Every structure is written in structure tokens, then in C-alpha cells.
Amino acid sequence: MPSSLFSIPSPPLVPVEGLAEGFPVRRIFCVGRNYAAHAAEMGNEVDREAPFYFTKSAHALCLSGQTIPYPVGTNDCHYEMEFVVAIGADAKNVGTSNALDAVFGYACGIDLTRRDLQGAAKDKRRPWDLGKDFENAALIAAITTVREFGAVSRQRIGLVHDGAQVQSAALSDMVWSVPEIISHLSQFYHLGPGDLIYTGTPAGVGPVQPGSRLEGWIEGLAPITVEIA
Ligand code: MN
């Protein structure tokens, strides 16, 4: 077994409310178009046959409460407030009835998106990576355990940009429910501890500017805040 040539940074541990230990992040999956009103504002229709996904590197993770630089390579960086599922147990080919057994907890997250690069990729039928997977693009607040949070139902989700409420919806507005997403994703990946799933954003996405302050909230979870330098 060779030794390592050099050390690489570990993804940050996500704090967990009420626990001393942090949640180590392995992979980040993201659901596209999971709220009909957001799909419509982007000029798309919801695919009701199956959810679809993109991924972000674990090194794109950034904890709540930080000030981050305006992302490089874009002139149109958007916020997308999202409900994040933290996986804490193996899930492979699970059905919807026991999909929730794999859930460790939930958190507020923001899927930062270089919308101009995503749009150019869509136009050319290319992958979305440049638009979605970059440093600090996966913002996350502290995780609340399932035991503390309870069942996902009609909890409200929203985002305040520079004091103005710009996103507001209910978790029950999601096209694909948490059990449906886990069940479907687990047909393609062997999900396991450390995986995060960003479950899509409601309507009201928009651009950030240097100096922007974002405050995202979901009933029952620790809020997420970030400032753009
Ligand atoms: Mn998103």
C-alpha cells in the first residue's frame, strides 16, 4: 500500500443540532425541477415520469454563516433555497415504504448556480457541471435529526434576499417526495452514510450581487445565512 503523495482537504463536517459530532459529507446529489412553479419560471415543464439529478463535489460544500467571494466565471449567479436530506444508512434498491429508514436528518441548503453557464450548457445540450459544481456552490446549515424534526409535511420553506422575501412555498409542494427521491435514486446509486440530497428549489430564484445577504429558512430547521463579498 503506497503512502499518499500529498494531503488534500477534507470536506467540512456539517454540524448537527444537539450533537458534538459532525456529519461527514461523501457525495452531493441534487434534484432538478421538483417544484412546478419553479420549473414554469425557468420555461420548463415538470417531468412526471421520473425525477432527474445532477451532482456537486463534496468540495463544493460551504457551511452557513460565512462570507464567500462572488463566484468566478459568471455574471449571473443565482440562489436556490432547498430542503436537504442527509443520509445516514445504506440504501440500495429500496422502496418508498422503507426509504426513510436511510435518513439521518434534514437541513437548510442553498444550491448556488452560475445561471449563465447552466443556460449555455442547456442550449448546447451539454452537461450542467460548470453551472452547478464549483467552490462554495453547495451551502448548508446545521442538520436537525429526524427524531427532532419529525415527518416532512407542509412545513414552509423560504428565502430572504437583502431583507425581501423572494422565495416561499411548502415542502408538500415538491413534485417528488423524499421517499420517492430516495427510492428512485437508490436504483442508480448505493446510497450510504455521508450522502446529501438537495431536493430542488421553489419559485422565486434570482441573482445575487457582491454585498448580497441571503437568509434561508425552513420551519423546524436551523436557518442558513450567507453573505457575498
Ligand atoms: Mn437546485
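Is Glu82 buried or exposed? Glu82 counts as buried, because its relative accessibility is 1%, where buried stands for under 20% relative accessible area, exposed for over 50% and partly exposed for what lies in between, with a 1.4 Å probe and protein chains only.

## Basis of the description

This is a predicted model, in which local features need pLDDT of at least 70 and side-chain atom pairs count only at pLDDT 80 or more, while totals for chains, interfaces and linings use all residues. Residues are numbered from 1 along each chain as its sequence is written, and side-chain values use heavy atoms, with hydrogens and water left out.

## The manganese site

Glu80 (OE), Glu82 (OE) and Asp111 (OD) coordinate the manganese ion at 2.0 to 2.1 Å; donors here are N, O and S atoms within 2.8 Å of the metal (3.2 Å for Na, K and Ca), and since water is not among the atoms, sites may look incomplete. Along the chain, these donors follow the spacing E-x1-E-x28-D. Glu82 in strand E6 (residues 81–87) and Asp111 in strand E7 (residues 103–111) are 29 residues apart, so that this pair links distant parts of the chain. The elements named here are DSSP runs numbered from the N terminus, with helices (H or I) of at least four residues and strands (E) of at least two. Asp111 is buried, with a relative accessible area of 1%.

## Salt bridges around Asp111

The structure holds eight salt bridges, each defined as a side-chain nitrogen of Lys or Arg within 4 Å of a carboxyl oxygen of Asp or Glu. One of them joins Asp111 to Lys56, with the closest N and O atoms 2.6 Å apart. Because Asp111 lies in strand E7 and Lys56 in strand E2, the pair ties together parts that are 55 residues apart in sequence. Lys56 is buried as well, with a relative accessible area of 4%.

Asp111 also meets Lys132 in a salt bridge, at 2.9 Å from N to O. Here the pair links strand E7, which holds Asp111, to helix H3, which holds Lys132, across 21 residues; Lys132 is buried, with a relative accessible area of 2%. Another salt bridge is formed by the side chains of Glu215 and Arg213, at 3.8 Å from N to O. Glu215 is partly exposed at 30% relative accessibility, and Arg213 is partly exposed at 32%. Salt bridges that share partners join Lys56, Glu80, Asp111, Arg115 and Lys132 into one network.

## An aromatic cluster

Rings of Phe, Tyr and Trp (its six-membered ring) are taken as a pair if their centres lie within 6.5 Å, with planes under 30 degrees apart counted as stacked, over 60 as edge-to-face and the rest as tilted. The count by this rule comes to seven aromatic pairs. Among them, Phe52 and Trp128 have ring centres 5.8 Å apart and planes at 85 degrees, and the pair is therefore edge-to-face. Phe52 lies in strand E2 (residues 52–56) and Trp128 in the loop between helix H2 (115–123) and helix H3 (129–132), so the pair ties together parts that are 76 residues apart in sequence.

Phe52 counts as partly exposed at 28% relative accessibility, whereas Trp128 counts as buried at 18%. The rings of Phe54 and Trp128 have their centres 5.7 Å apart and their planes at 50 degrees, which means that this pair is tilted. Phe54, in strand E2, and Trp128, in the loop between H2 and H3, are 74 residues apart. Phe54 is buried, with a relative accessible area of 11%, and Phe52, Phe54 and Trp128 form one aromatic cluster.

## Helix H5 and a three-stranded sheet

Helix H5 (residues 178–185) is largely enclosed by the rest of the structure, because six of its eight residues are buried. These buried residues are Val178, Pro179, Ile181, Ile182, Ser183 and Leu185. They pack against strand E1 (28–32), E2, E6, E7 and strand E13 (196–198), contact being defined by heavy atoms within 4.5 Å.

An open sheet of three strands has the order E8-E5-E14 and antiparallel pairing, where two strands pair if DSSP finds at least two bridges between them. Strand E8 (113–114) and strand E14 (206–207) are the edge strands, each pairing on one side only. Strand E5 (residues 77–79) and E14 run antiparallel and are joined by two bridges; the bridge partner of His78 in E14 is Pro207.
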